[in-house]
Structures are given as C-alpha cells and as structure tokens.
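Hello,

I am handing over the structure below. Please open it first, then read on for what was found.

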Amino acid sequence: MTEESSNPISEAIKSAIAENPVLLFMKGTPEHPGCGFSARVSAILESLDQPFAAVDVLPDPRIRQELSALSNWPTIPQLFVDGELVGGCDIVSEMYQSGELQQALGLEAAESETPEPEPVQSAPLSIENRL
Amino acid sequence: MSTTPQELKDRIEASIPGASAEVTGDGRHFAAIVSAPAFRGMSRIAQHRLVYDVFGGEVGNTIHALSIQTKPSEEP
C-alpha cells in the first residue's frame, strides 16, 4: 500500500471523521439540503436531537471523490459514527425504523412511553327495538 | 444510452450467486430489493457494497441513484 500522503483533501476528510463522533457528509447543509436523500438523513438526526457535524460535498467535486475512495461507498449522503461508516440514506432509514440507529448513537432506545392504547370505544349497542 | 431496470436486475443476479432482485426505476434513479444467501452474516454495509460493486463507477454517474434493500435468504 503505497499511498500518496500529500493529498490535503483526503487528509482533511480523515481528520474530520476522526474528530467528529457523528459526522454527515451530505449535499448541501442541514438547513438547505441539496438532495432528498441528504435531507432525509439530516432530518432523522435532528428528530433524534442528535448533535452532528455536517460536511457539504458540493463546493468541490474532489471532496466526494476522495470520500468515496476512502469509504469505499459510492453515494452521498454518508453517515459516520465514531469513525465508522454507518451507511447512506437507505441503511440509516432502515436502522432508524428498527431502533438500531438510536442504539449505534448511544441514545436511549427511546424508552417508549407507550401511551396506553386508547380503549377502542365499542360502538354503543345498537338495539333494534322491535317492541 | 439509458439503463433499464431489467438490465440492472440481470446484472445483479448474474454477479451475486443465488441472488434474486426486484428493480424499479426511471432510467436514472433505481430501487433494488435484493435477496441472496451470500448476505448471511454480513453487515448491512457489506451487503450493500456487494450490490454497488456490481456496477462499479456507474453508480453516481450513469446510474444517478440506486436505492438498495438487501435481505439474506436461505441457501437454495
């Protein structure tokens, strides 16, 4: 593995991943996402009140190129937790729905304060009075 | 030259042993549901990589987006 160690973009990506426990590479920003998949992942993190760092890959095409080369993952968004690639939009959505994402983020598995299911109001007896 | 869902399905099934795929799409954006015995014991990331690897550099380029759902299946 002879690696050109003098690639500033690749180095910057590596240190961003190492320094930010929850890091999202996305198109656009959480406030102004540039694509539906990026919007979805950032909305999921926000709905969990999970603080995260975000990198917009759009300003320089080399960011995306170097990121995909490093992560061996072709698409954007990419969510990293504790330095590991968790996945893109499909995986993150699936994990969010199953509760695995909350677990991976170390969030309380949403101690579901399951509200008592509303007792189904049985339809009032409809008595046909034939008297 | 656009790609058809059928073409993607055929390539996935040809590349991943025992795989069966359902692919929908409009020529640029696709969604694939893939089941294969090879997925068993693999992390989700690894399963999705296996599918992405079928298309190499095409994903993100000619294949603008490929949404993937993977399911490990029983050995046939």
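To start with a question: is Asp82(A) buried, exposed or partly exposed? Asp82(A) is partly exposed, with 14 other C-beta atoms within 10 Å. On this scale, a residue is buried if 20 or more other C-beta atoms lie within 10 Å of its own, exposed if 12 or fewer, and partly exposed in between, with C-beta atoms placed from the backbone.

Some ground rules. This is a predicted model, where local features need pLDDT of at least 70, side-chain atom pairs count only at pLDDT 80 or more, and totals for chains, interfaces and linings use all residues. Residues are numbered from 1 along each chain as its sequence is written, and chains are lettered from A and ligands numbered from 1 in the order in which they are written.

Back to Asp82(A). Its phi is positive, about 50°, although it is not a glycine. Asp82(A) sits in the loop between S3 and S4 of chain A. (Helices, H or I, have at least four residues and strands, E, at least two; both are DSSP runs, numbered from the N terminus.)

Asp49(A) also has a positive phi, about 55°, and is not a glycine. Its place is the loop between helix H2 (36–47) and S2 of chain A. Asp49(A) is exposed, with 7 other C-beta atoms within 10 Å.

One more backbone feature. The peptide bond from Ile76(A) to Pro77(A) is cis, with omega near 10°. Pro77(A) lies in the loop between helix H3 (61–71) and S3 of chain A.

Now the sheet of chain A. Four strands form an open sheet, in the order S2-S1-S3-S4, with mixed pairing. Two strands pair if DSSP finds at least two bridges between them. Strand S2 (53–56) and strand S4 (84–87) of chain A are the edge strands, each pairing on one side only. The twist averages 25° from one strand to the next. Angles run from 0 to 180 degrees between N-to-C directions, and axes are lines fitted to C-alpha atoms, for helices over the stretch in contact.

Strand S3 (residues 78–81) of chain A runs antiparallel to S4(A), joined by three bridges. Phe80(A) has Leu85(A) as its bridge partner in S4(A). Helix H4 (residues 89–98) of chain A packs on the sheet and touches S3 and S4 of chain A. The direction of H4 makes about 75° with that of S4(A).

Chain B next. It has two helices and three strands, running α-β-β-α-β from the N terminus. Its radius of gyration, taken over C-alpha atoms, is 12 Å, close to the 11 Å that the globule rule gives for 76 residues, so chain B is as compact as a globular protein of that length. That rule is 2.2 Å times the number of residues to the power 0.38. Of the 76 residues, 33% count as buried.

Its three strands form an open sheet in the order S1-S2-S3, again with mixed pairing. S1(B) and strand S2 (residues 29–36) of chain B pair in the antiparallel sense over six bridges. Phe30(B), in S2(B), is the bridge partner of Gly25(B). Helix H1 (residues 5–15) of chain B lies across S1 and S2 of chain B, at about 155° to S1(B).

Last, where the chains meet. Seven residues of chain A are in contact with eleven of chain B (C-beta atoms, placed from the backbone, within 7 Å). On the chain A side, S4 and H4 are the elements that give two or more residues.

Best wishes

Key:
Contact = placed C-beta atoms within 7 Å.
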